Number of protein chains: 2
Amino acid sequence: MNNTQPLKGFRDFLPSEAEARNQVFDKVRTVFERYGFLPLETPAIEYKEVLSGKYGKEGEKLMYQFQDQGGRDVALRYDLTVPLARVIAQYPEDLPIPFKRYQIAPVWRADRPQKGRFREFTQCDIDVVGTSAILADAEVIACLNSSFKALGIEDVIVRVNNRKVLDGLMKAADVPVKKSVEAIRALDKIDKIGKEAVQKELSDLGVGAKEQKKLFELLEVGLEDSADIESKLDEIEGAGELAELVEALLDMEVRNYRIDLSLARGLDYYTGTIFEFILPDAADFGSVAGGGRYDKLLGMFSGKAVPAVGGSIGADRLLDALEELELVKYDLVSDVLVCNLDEKLEEKYLKVVQELRAAGIRTDFYYEPVKLDKQLKYADKKSVNFAVLIGEEEEKTEEATVKNLTTGKQERVKQKDLVKKLKG
Amino acid sequence: MNNTQPLKGFRDFLPSEAEARNQVFDKVRTVFERYGFLPLETPAIEYKEVLSGKYGKEGEKLMYQFQDQGGRDVALRYDLTVPLARVIAQYPEDLPIPFKRYQIAPVWRADRPQKGRFREFTQCDIDVVGTSAILADAEVIACLNSSFKALGIEDVIVRVNNRKVLDGLMKAADVPVKKSVEAIRALDKIDKIGKEAVQKELSDLGVGAKEQKKLFELLEVGLEDSADIESKLDEIEGAGELAELVEALLDMEVRNYRIDLSLARGLDYYTGTIFEFILPDAADFGSVAGGGRYDKLLGMFSGKAVPAVGGSIGADRLLDALEELELVKYDLVSDVLVCNLDEKLEEKYLKVVQELRAAGIRTDFYYEPVKLDKQLKYADKKSVNFAVLIGEEEEKTEEATVKNLTTGKQERVKQKDLVKKLKG
C-alpha cells in the first residue's frame, strides 16, 4: 500500500498552515463570544432523514451517506443550519431565547473539487433564533464585520438587501409574479455580466422595456449609498425593514455597508434581510461571508415557524484571501530552541527548558548533542525565533548565548535573565 | 419527521458544555505548544486502504466505512496515529525531524455505546517521530503531566514501565517465551483482580510455582518507588532504559511517577517505554491518558522503521473526571447583558454595548423593551454575570445601574466608568 495522499478534495494541514488556521479560528471565536454568541457542537454524523430533503436535489446528491453497522441510514454533516434546527426542536426548554449560538466546524460535500472548493471545509456560523427584531439582523452583520476587523482586514464591504424589497421591486415594475424569481436571479448577476446582458435575460423572460426601465431606475436609487432609502423607495414593500437595518447598523458603528438592490442569494431560503461580505482588495475570492433572515426554515422539525437570522464565514475561502492580503503568518510556530551542546550539561538544559515553558514560552530542546549546525537547521525548519546556547564557557559564568535566528545577531545574558530576555 | 435526537452514541453539546470543552482543549493545546509540539490536521475521511488492517480484527469491525460518490472505498478516521504515519510517509522533506506534532480531533468507532463510551469522541495526541532518545519519552510524559496541572488537577500519578523490562522479567523468571505474552496480560490485571487471581491464571498457563515466586519478587522491587531501579533489576533486560527514563523525568521535575512492572498496554504496539495516567481522586475513571514508544508502527507506509513515542489524552473521559472533581465550570458563558428599558434610549444602549465589546467584554443586548423580569430570566438562563440598567433616571445623570446577578447586589456607576467596573 503506497498511496499516502489524502483523498481527492481533502487536505492535510501541515504545522505552519494548521497554526495559521488555529489563529484565525481563535480570533473569530473570540469576536463571536464578545457579541454574546454561545458555542454549540453537533455530531459529524446524523440520521439521514434529519438531513435528507433539506438541501434540494443538488444537495442531496452531494451528501455523503451510508448505512452504519446497525443498518441505520446516516449522513455526514452537510451544513450547520439543519443540525441547529434539530437542536432547537430537541431541547426547547434548555435554550435561552433568543438563542444566539455559534458553531465552527467542518462540513462535507462530495462536490467536484476545484480551486478553492474542497469536499471537507470549515464553516463559521452565527445565528440568532427566536426573534423577529431587525436589531438581531444588524447584530449578526456587525459581529461578522468585527471578525474581519479582528483578522486585520481593513477594507471590507457588506452588501445588504432585503428579500421583501426584491419582491416589492418586481411588483412596482409590474413584472408578472411568475416571472419575478427568475427576474431577480437575472438582476443578481449584474455585477458579473453587466447591465446589457441582464437586460437581454429580462427581455427573454418577457419583461417589457417599460418595466425594465422602471426596474433599473429603482436599482439606481439603491446603489447610491444612502440611509434615506425609505423615502426614496417609499412605494416599495420591505423598504422600511431595510431602512431600519441600516439605521441599526449605523448605531452599531457599521459604516462600510452598501445597499445593493440587485443582491439576491438563496431565494428559496431567505425571507427578509440578505447580505454578503466582499473584500475589495481580494475581490476575485467573491463573497467571503453571507447570510440573512430565514423565518421559515427552522420550523422544519417542530412544525412551528421560528424566526431566525444568521450568517456564515467560509473559512477556507477567507484563509485564501488572507494569504493573498498577506494578513496571515504561515511560519511562526515556536519561540525558542535550547540547543544541546554538551551531554554533561543536560540537566542544566532541562532546567532552563522547564523555566522557559513555565513562563509560557514555547520552547523546544534538542535531544542529542549533535553538531550545532544540524540543530540550527532543525530550528530553521521549525521557524524558531531564538536559539539558546549554553556551552562549557557560558556555564562557568552562569550565562547563555541568545541567538536571534531571524537577524543572526547574538548576545550573552545571565541564565537567570533568560525568561525576561525571551519574553520581552 | 419527528426524531430530533442525535444518533445513538453521538452527542449534542449545548452551550455550557461546549464552552467547558473549549476551555479544556484550549488549555491542553497551550501546554502542547509550550512543549514545542506543532499542530497537524488530517481529514475526517481517508481511503479505506489507508486505515484497513491497522487496528486488528476488532478495530476493522468498528470502523465506519462506505463507498463515496466516486465509488471509492473510504473510512472515517479511527485514531490519530495511522493518519500521522501516512503524513510522515507523504511529506518526508517538509517536516522537521524529530517531528513533534499534536492533533486534537474527533475519531469515530461504531462501538457499543455505554457509560463514558461514545461513537464520536475526541483524542488529544502528542507524538515525537524520528528519534530513539529516551528524553523524548520523558518529554511526552512531562508534557501530558503539565496538561493535567494546567487543568487544575493536583493529584495525578503516571505509572511507567518498559516493554523490554516485561520481556526481561519473563526471561529472568524462566517463563517460556510462547507463554510470556499471556503471562504479561495476566500480570497487567493485578490491580483489578488481585494477586491470587493472577497466580491462578499463571498456573493455568503452566507457569511453575518457582517462576511465579521469582516474578512476584521482581515485581515488588518495581513497586517500590525508586530511582535506583537499574541496580535492583540489574539482571533484567530493559531496566537501563527504564532507569534512564526515570532520571530524565526527575530532570524535568516530574516526581509523581510510579514504576509499575505489571503495567502492560497494547502488547502488539509498544516496543519500549509504556505509561498511563490515573487520577487517584477519580480512580473509577481508570486511565485518562496513556502511551509509549512504538518504534515499528510508523514504518507501515514507507517500509522503513521510524522510531516514535507518543501519548494520548482521552478527552471525554477526562472531562467526566474533571466534572467529578468539580474542576470544570459548566455555566459561565457571558459577562454582561445590557437591558432594554426604554426604546428611546436604544441608541445609547448600542453605544454602551459597542464600548464593552471593544474592551473585550462578552456583552449581550436585549433586542426589545419587554418587562425587565423577562430580560433577567434570559440573563439567568445564559449565566450572565452582570446586568447593566440605564433608564430615564440614570440617563439624566449619565449613570448606569450595575446589578451583580450572582449576589443580587446593585450599584450606580458613571456610564464612562462601565468598562473599568465590568472588567475589574
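This is a predicted model: local features need pLDDT of at least 70, side-chain atom pairs count only at pLDDT 80 or more; totals for chains, interfaces and linings use all residues.
Strand 3 of chain A runs antiparallel to strand 4, residues 73-76, and three bridges link the two. If you want a pair to click on, take A:Gln67: its bridge partner in strand 4 of chain A is A:Asp73. As background, strands of a sheet pair through backbone hydrogen bonds, either parallel or antiparallel.

Let's hop over to chain B. There, strand 2, residues 45-47, is joined to strand 4, residues 73-76, by three bridges, and the two run antiparallel. B:Glu46 is opposite B:Ala75 in that strand 4. Strand 3 of chain B, residues 65-67, also pairs with strand 4 of chain B in the antiparallel sense, over three bridges. Who stands opposite B:Gln67 in strand 4 of chain B? That's B:Asp73. And how many residues sit between strand 3 and strand 4 in their hairpin in chain B? Five, and in the turn you'll find B:Gly71, with a positive phi of about 75°.

While we're in chain B, have a look at helix 3, residues 56-62. B:Lys61 and B:Glu58 both lie in this helix, three residues apart, which is about one turn of the helix. They form a salt bridge, with the closest N and O atoms 3.7 Å apart. Over all chains, a search of the whole structure turns up 80 salt bridges.

94 residues of chain A are in contact with 94 residues of chain B. About 8700 Å² is buried between them, and carbon and sulfur atoms give 57% of that. Which residues of chain A lose the most area to chain B? They are A:Leu7, A:Glu41 and A:Tyr367, and together they account for 9% of what that side buries.

What about charges across the interface? Between chain A and chain B the count is twelve salt bridges. One of them pairs A:Arg29 with B:Asp26, and here the closest N and O atoms are 2.8 Å apart. Helix 1 of chain A, residues 15-34, supplies the largest share of the side that touches chain B, nine residues. Sorted by class, that side of chain A has 47 nonpolar, 15 polar and 32 charged residues.

Back inside chain A, there's another sheet to see. It's an open sheet of eight strands in the order 1-5-6-11-10-9-7-8, with mixed pairing. Its edge strands are strand 1 (38-39) and strand 8 (257-259), each pairing on one side only. Within the sheet, strand 5 and strand 6, residues 120-129, of chain A pair in the antiparallel sense over ten bridges. Have a look at A:Val107, which stands opposite A:Phe121 in strand 6 of chain A.

Helices sit against this part of the chain. Helix 5 of chain A, residues 134-150, packs on the sheet; among the strands it touches are strand 5, strand 6 and strand 11 (308-314), and its direction makes about 15° with that of strand 11 of chain A. Helix 4 of chain A lies across strand 5 and strand 6, at about 40° to strand 6 of chain A.

Last stop, some backbone details. The peptide bond from A:Ile97 to A:Pro98 is cis, with omega near 0°, and A:Pro98 is in the loop between helix 4 (81-90) and strand 5 (99-108) of chain A. In chain B, the bond from B:Ile97 to B:Pro98 is cis too, and B:Pro98 lies in the loop between helix 4 and strand 5 of chain B. Finally, A:Glu398 isn't a glycine, yet it has a positive phi of about 50°. You'll find A:Glu398 in the loop between helix 16 (392-396) and strand 15 (399-404) of chain A.

Notes. Residues are numbered from 1 along each chain as its sequence is written. Chains are lettered from A and ligands numbered from 1 in the order in which they are written. Side-chain values use heavy atoms; hydrogens and water are left out. Two strands pair if DSSP finds at least two bridges between them. Helices (H or I, at least four residues) and strands (E, at least two) are DSSP runs, numbered from the N terminus. Contact means heavy atoms within 4.5 Å. Buried area is the accessible area (1.4 Å probe) that two parts lose on being put together, summed over both. A salt bridge is a side-chain nitrogen of Lys or Arg within 4 Å of a carboxyl oxygen of Asp or Glu. Ala, Val, Leu, Ile, Met, Phe, Trp, Tyr, Cys and Pro count as nonpolar, Asp, Glu, Lys and Arg as charged, and the others, Gly among them, as polar. Axes are lines fitted to C-alpha atoms, for helices over the stretch in contact, and angles run from 0 to 180 degrees between N-to-C directions.
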